[in-house]
Structure formats: structure tokens, C-alpha cells
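These are my notebook entries on a structure that I looked up part by part.

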Amino acid sequence: MTITIVTIFTLVYVGMILGGFPGLKMDRAGIALLGAIAILASGAMNPQAAWDAIDYSTIGLLFGLMILSAQFAMSGVYEIFSNTLTKLQVGPRTLLALLIAVSGILGALLTNDVVAVALAPVILQISKERNLNPVPLLLALACGTNAGSSATIIGSPQNILIGQNLKLSFTGFLYDAGVPSFIALGVIWVVISFFYRDKWQATAKLHEKAPDMGLLDRWEMIKGLLMAVGIIAAFLFTEWPRELVALAAGGLLLINARFRSKEMLDYEDWQLLVLFMGLFVVNAAFQQTGLPKRWIIDLKEIGIDLQSTAWLFLLTALLSDVVTNVPSVMLLLPFADSHMAAPAMALASGLSSNLIIIGSLANIIVVDAAGRQGLKISFAEHARVGIPVTMISLAVAALWLWLRAEGWV
């Protein structure tokens with residue numbers, strides 16, 4: 001049975017690396033789901049064990065926050081943001097700084113993927129209205145949401161996973177991960193400003209069709225903002241289970257006389273939820289073989305100690321750009337038992353996402369949004385910004401984690 005489990009596990013993670021299999025129209029979510037089905041069909045796990053392997057607190061928290069983001073999108077919050085930035089009488093560098101700041105803050109409070117989905121069309125509209133080159137602004141969105149999402153336990157799917165599994169406090173995690181995350185926002189501004197210092201004006205015409213950002217509904221907007229404040233306050237000042245807080249908030253938002261619940265649920269990233277559940281089952285089956293523990297011993301003998309924060313930071317950063325951040329964190333999370341392991345994994349997975357286009361779903365969302373408007377952001381153009389941003393940000397994060405571990409800050 002061990003051979004069967006290892007074969008399924010290997011195929012699933014090869015699929016995570018490739019993003020699919022040649023000749024098959026399967027994405028990562030489909031591969032993870034098929035892997036879980038194969039585990040059950042082979043008898044490697046019984047149905048009850050598979051259900052128990054799924055961390056429903058993580059799924060619940062992510063699901064509730066997605067409903068909140070849907071409320072923002074449908075009530076016109078992003079339309080107000082677009083109109084405000086369009087009318088501001090500021091230069092492109094100041095506009096870039098504002099965009100990075102907003103992207104980072106929203107990325108820290110909502111999941112980075114849903115922020116990218118919501119703001120990419122907004123930025124394209126702003127660029128069109130102001131006759132600006134949208135590429136640096138879109139790269140700022142992708143990099144800013146990835147960096148900002150590293151700061152909190154609700155900023156990204158992998159952070160939610162880390163926070164829920166290790167029972168971390170919201171404020172403690174924010175202090176450990178927030179400083180290098182927000183320094184990274186400044187790094188993004190410096191790098192993009194340098195590379196696009198003489199390329200701010202538009203050189204290509206975007207498609208005429210303006211993006212649909214929803215109709216403004218002030219009451220629904222206020223309701224969403226109040227609910228967001230309530231969620232954060234509950235995380236900060238109460239011991240209530242975070243997943244129940246998020247689900248309760250999402251349930252209250254679904255009680256709505258203005259928006260159909262079906263329309264709100266259409267904003268949910270069901271693919272991501274399926275990916276999570278499939279990987280929970282596949283990884284649990286792999287853990288029960290005992291191989292991971294044996295490999296830890298073998299790696300330690302050659303000087304690679306996965307229970308060391310430094311090695312965990314490095315391997316998480318490397319794997320996040322190979323198999324993407326969620327699968328890499330799921331794979332390494334069982335080894336996170338040192339004091340600084342959680343912020344190390346969050347910072348490594350989040351900041352390394354800026355390296356290449358496939359480093360995070362937020363990057364892919366932004367590139368796809370540009371492509372639909374006839375604008376191509378090549379692998380090389382993204383990497384020109386992403387590589388220095390990632391290297392500098394990871395260096396800052398590593399220094400900060402070392403200072404924290406030594407008790408100097």
C-alpha cells in the first residue's frame with residue numbers, strides 16, 4: 001500500500017509543478033481532487049479518515065472571507081477606488097505608491113487572489129482614463145498583494161492554513177511577519193519606479209470595452225465595511241474560533257435584499273477550496289506511510305534540518321516557486337515546530353511568489369486580465385521586476401527573522 005500512496009502523491013505533486021498533464025485539460029484543483037479520489041479508491045484511507053484529514057476550520061475561514069470580498073466587489077467599493085485614483089492630480093510615481101499601499105493593505109485583510117481579481121480591471125480602467133502604461137501598475141498590484149498578504153494570518157490561503165493549524169494569535173503573527181512584509185512594499189515601489197522611470201505613458205491602446213466593476217450601493221458598501229471591522233476586532237480582542245467568526249459574517253452578508261446569494265457565491269473560488277481539500281487527503285495519506293519522518297532523519301544526517309527555521313525558510317521559498325505556495329506549505333507544515341517557523345513559512349511563501357509569473361495565482365490573474373485587454377506581460381518582463389523584488393524582500397525577511405529569533409527586536 002505504501003507504493004500506491006507514494007505513486008499517487010508523486011503524480012499529484014508533479015501535477016502541481018506542471019500545472020497539469022500533457023494532453024489532459026486538468027488544472028491543479030482537478031489533479032488534487034483526483035489524487036484524493038485515488039487514495040480512497042485504492043483503499044489507502046477509509047472515507048472517515050479522509051474526512052478527518054480535511055481541516056474544516058481552514059476551509060471555513062477562507063470561505064467566509066471570500067463572501068466578504070464578494071460583498072465589496074458587488075457593492076461598488078472597487079468602483080469608488082477607481083474613480084478616486086482616476087481623479088487624483090498626482091504623478092505616476094505617487095499613483096504607483098498609492099496603488100502599492102492599497103494593494104498591500106487589502107492583501108493583508110483579504111486573500112491576495114480575490115484582491116487581484118477585483119483590482120486588475122480597476123487598474124486597467126485607471127490606466128485607460130489617464131493614458132498611462134498599465135504594465136507597471138499591474139505588476140505593482142501583483143507584487144503588492146503578494147507582499148501584503150504575508151503580513152497576517154488571513155492574508156493568503158497558505159497563511160490561513162498556517163494560522164489555523166498552529167493556533168497562532170492574530171497580533172503575534174502580525175508583529176512577526178508584518179514588518180518585513182510592509183518593507184517589501186517599499187522595495188516594490190523602488191524597483192518598479194527604477195525600471196519604468198521613462199515608460200509611464202501608454203504605448204498601446206487597450207480594448208474599448210470597459211471592465212465591469214459593479215454598481216455603487218452605499219448601504220451594502222457600509223455593511224461590508226462594518227462587517228470587515230467586526231471580523232478584525234473579533235480576531236484581535238476575542239478568543240472566538242476564527243472560522244466561526246468568518247462564517248457567521250459571511251452568513252449575515254448572504255441575508256441580503258439587494259444581491260442574490262447565487263451571485264455572491266459565484267465570487268467564491270471553488271477551485272481553491274477543492275485544491276485544499278484534495279491536498280489535505282493526499283498529504284495525510286503520505287504522512288501515514290512514515291516516510292516523511294524517515295526522510296527528516298536522512299536529511300539531518302547530511303546537514304539539512306527541516307526543523308531549523310533557516311532551512312524551513314529556504315525550502316519553503318524554493319518549493320513555492322516550483323509547486324506553488326499552498327502545496328509547498330502543506331508539504332512542509334508538519335515540520336514547523338520552532339518558535340519562528342510560522343512567520344518564516346508565511347514570509348518565504350508569500351514574498352517568493354513575486355519571483356516569476358507562476359509563483360502565485362495573483363500573478364496569473366493579473367497577467368490574464370491584461371491579456372483580455374490585448375496587453376501581453378511576458379515572462380521576462382515580469383521576471384525583470386519580480387527577481388530583484390523577491391531577492392531583496394527575502395533578504396530583509398531573513399534578517400528580521402534572525403533579529404527576532406535572537407531577541408533583538
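**Entry 1**

I began with Arg258, which lies in the loop between helix 12 and helix 13. Helices here are DSSP runs of H or I with at least four residues, strands are runs of E with at least two, and both are numbered from the N terminus. I noted that the model is predicted, that local features need pLDDT of at least 70 and side-chain atom pairs count only at pLDDT 80 or more, while totals for chains, interfaces and linings use all residues. Residues are numbered from 1 along each chain as its sequence is written, and side-chain values use heavy atoms, with hydrogens and water left out.

Arg258 counts as partly exposed because its relative accessibility is 40%.

I then looked for the partner of Arg258 and found a salt bridge with Asp217, with the closest N and O atoms 2.9 Å apart. The two residues are 41 residues apart and link distant parts of the chain, since Asp217 is in the loop between helix 10 and helix 11 (218–237). A salt bridge is counted when a side-chain nitrogen of Lys or Arg is within 4 Å of a carboxyl oxygen of Asp or Glu. Asp217 has 14% relative accessibility and therefore counts as buried.

I also checked Arg258 against Glu220: their C-alpha atoms are separated by 8.0 Å, and the residues are 38 apart along the chain.

**Entry 1: Other salt bridges**

How many salt bridges does a search of the whole structure find? The search gives four. I reminded myself that side chains of opposite charge can pair when their charged atoms come close.

Lys223 and Glu220 are three residues apart in helix 11, so about one helical turn separates them. Lys223 is buried, with a relative accessible area of 14%. Glu220 also counts as buried, at 2% relative accessibility.

I recorded another salt bridge between the side chains of Arg404 and Asp176, at 2.6 Å from N to O. Arg404 lies in helix 20 (residues 379–405) and Asp176 in helix 10 (residues 170–195), so the pair ties together parts 228 residues apart in sequence. Are Arg404 and Asp176 buried or exposed? Both are buried.

**Entry 2: Helix 6 against helix 8**

I next examined how helix 6 (residues 92–109) packs with helix 8: the angle is about 35 degrees and the axes are 7 Å apart. The axes are lines fitted to C-alpha atoms, for helices over the stretch in contact, and angles run from 0 to 180 degrees between N-to-C directions. The contact includes Ser103 and Gly107 of helix 6 and Gly144 and Thr145 of helix 8. Contact means heavy atoms within 4.5 Å.

I looked up Thr145 separately and found it in helix 8 (residues 134–149). Thr145 counts as buried because its relative accessibility is 0%. Apart from neighbours within four places in sequence, Thr145 is in contact with Ser103, Gly107, Asn112, Val115 and Ala362.

**Entry 3: Covered helices and positive phi values**

Helix 4 is mostly covered, with 19 of its 20 residues buried. Gly76 follows helix 4 and has a positive phi, near 95 degrees.

Helix 9 (residues 157–166) is also mostly covered, with eight of its ten residues buried. Just after helix 9, Lys167 takes a positive phi of about 55 degrees, although Lys167 is not a glycine. I placed Lys167 in the loop between helix 9 and helix 10. At 67% relative accessibility, Lys167 counts as exposed.

Which value does phi of Asn131 take? The phi is near 55 degrees, a positive value in a residue other than glycine. Asn131 lies in the loop between helix 7 (112–130) and helix 8, and it counts as partly exposed at 46% relative accessibility.

Note on methods. Buried means under 20% relative accessible area, exposed over 50%, partly exposed in between (1.4 Å probe, protein chains only).
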